[in-house]
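Open the model in your viewer and keep the selection tool ready.

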Amino acid sequence: MQDALSDETGAFAIFGLFLLAGALELLWPHRRHDGSITKRWFGNVTLYLLSGGIMLVPAIVAFAAALASHVMRFGLLDAMPLPPVFTWTVGILAMDALVYANHRLDHNIGVLWRILAVHHSDPEMDATTTFRHHPLEVMLDSLLVAGAVLLIGISPAQVAVYSLLAMAIQLLAHTNIRVPTWLERWLGTVLVTPGFHQMHHSREVGETNSNYGQVFVLWDHLFGSNSGRAGGREHPIEFGLDHFRDAASQLPHRLLLQPVLRQQASRQDVDQASGTTRNRSVSPVS
């Protein structure tokens with residue numbers, strides 16, 4: 001179990017899941033892409049390579065923290081003599097709660113939002129969007145989650161299982177596939193589904209700042225951040241932000257510089273005055 005997050009295993013798992021997601025997009029696409037997708041794909045995958053495997057790096061850092069906690073045995077779970085089934089349940093749920101809390105922080109702290117906004121500025125949504133994360137986001141989130149893993153005392157095996165589960169759920173949640181309504185509703189009672197996560201990538205701020213869940217929808221229900229599924233919207237969803245929607249903004253160097261780029265006046269100011277909820281742009285750091 002403890003070698004489940006080796007570089008080779010993780011890389012093959014991501015590649016295999018990506019091929020599966022791509023095949024599903026070809027067979028059952030949810031929507032047609034607008035404009036050229038070549039630059040988007042090139043930029044998204046390049047960010048993945050620059051970040052050392054987006055989903056693999058946080059897993060490895062969290063795994064190392066869990067291993068240290070297991071050796072030193074000073075975490076909270078180490079002080080609680082629970083049966084294995086309870087320890088595993090608490091460990092997996094604690095990991096998911098950590099990621100949920102970290103995600104909400106990223107949305108509500110200005111500098112962190114500017115970095116995360118690289119992920120949200122994708123004007124379309126497909127399997128490659130999963131990989132569209134700035135390297136700074138990967139490093140900062142990895143350190144935060146790893147510190148919490150160390151203090152809680154989550155085991156290396158639990159980190160390994162949760163990381164592989166999160167990798168699969170998030171890749172499929174970003175995939176541009178048409179999921180039958182009954183299956184979306186059934187899975188969506190417990191897990192993050194494409195329809196649930198599409199709301200999180202909406203261009204409307206009230207929807208972007210919702211549905212933060214990584215694997216389970218439990219936390220969004222508990223903390224009032226659930227906004228439903230895309231299938232329940234009156235109008236088709238529009239992805240991305242007001243800015244960085246052109247093809248040139250999807251190239252790797254522009255994505256890397258995006259957190260520090262200054263834009264024109266945000267449409268959000270106009271929309272707020274008129275009472276609409278168009279998503280905020282990434283405002284300059286003050």
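**Surface patch.** Start with helix 3, residues 56-72. This helix gives the nonpolar patch its largest share, 3 residues. Now select the whole patch: Leu-67, Val-71, Met-72, Phe-74 and Leu-151. Together these side chains make a nonpolar surface patch with about 500 Å² of accessible area.

Zoom in on Leu-67, which sits in helix 3.

**Whole fold.** Zoom out and colour by secondary structure. This is a predicted model. Expect 13 helices and 0 strands. Along the sequence the pattern is α-α-α-α-α-α-α-α-α-α-α-α-α. The protein has 286 residues, and 49% of them count as buried.

**Largest pocket.** Next, show the pockets and pick the largest, with a volume of about 400 Å³. Its lining holds 21 residues. Select His-30, Gly-195, Gln-198, Ala-230 and Gly-231: of the lining residues, these are the closest to the pocket centre.

Then select helix 8 (181-187) and helix 9 (194-200). Each supplies at least two residues of the lining.

Finally, colour the lining by residue type. How do the lining residues of the largest pocket divide? There are 7 nonpolar, 7 polar and 7 charged.

How values were computed
Residues are numbered from 1 along each chain as its sequence is written. This is a predicted model: local features need pLDDT of at least 70, side-chain atom pairs count only at pLDDT 80 or more; totals for chains, interfaces and linings use all residues. Side-chain values use heavy atoms; hydrogens and water are left out. On a 1 Å grid over the protein atoms alone, a cavity is a set of points where a 1.4 Å probe fits but cannot get out, and a pocket is an open set with protein on both sides within 12 Å along at least five of seven lines; lining residues have an atom within 4 Å of a point. Grid points are joined across faces, edges and corners, and a volume is the space filled by probe spheres set on the points. Helices (H or I, at least four residues) and strands (E, at least two) are DSSP runs, numbered from the N terminus. Ala, Val, Leu, Ile, Met, Phe, Trp, Tyr, Cys and Pro count as nonpolar, Asp, Glu, Lys and Arg as charged, and the others, Gly among them, as polar. Patches are made of residues with over 30% relative accessible area and no salt bridge: like charges are joined within 9 Å, nonpolar side chains (Val, Leu, Ile, Met, Phe, Trp, Tyr) within 5 Å. Accessible areas come from the Shrake-Rupley method with a 1.4 Å probe; for residues, only the protein chains shown count as cover. A salt bridge is a side-chain nitrogen of Lys or Arg within 4 Å of a carboxyl oxygen of Asp or Glu. Buried means under 20% relative accessible area, exposed over 50%, partly exposed in between (1.4 Å probe, protein chains only).
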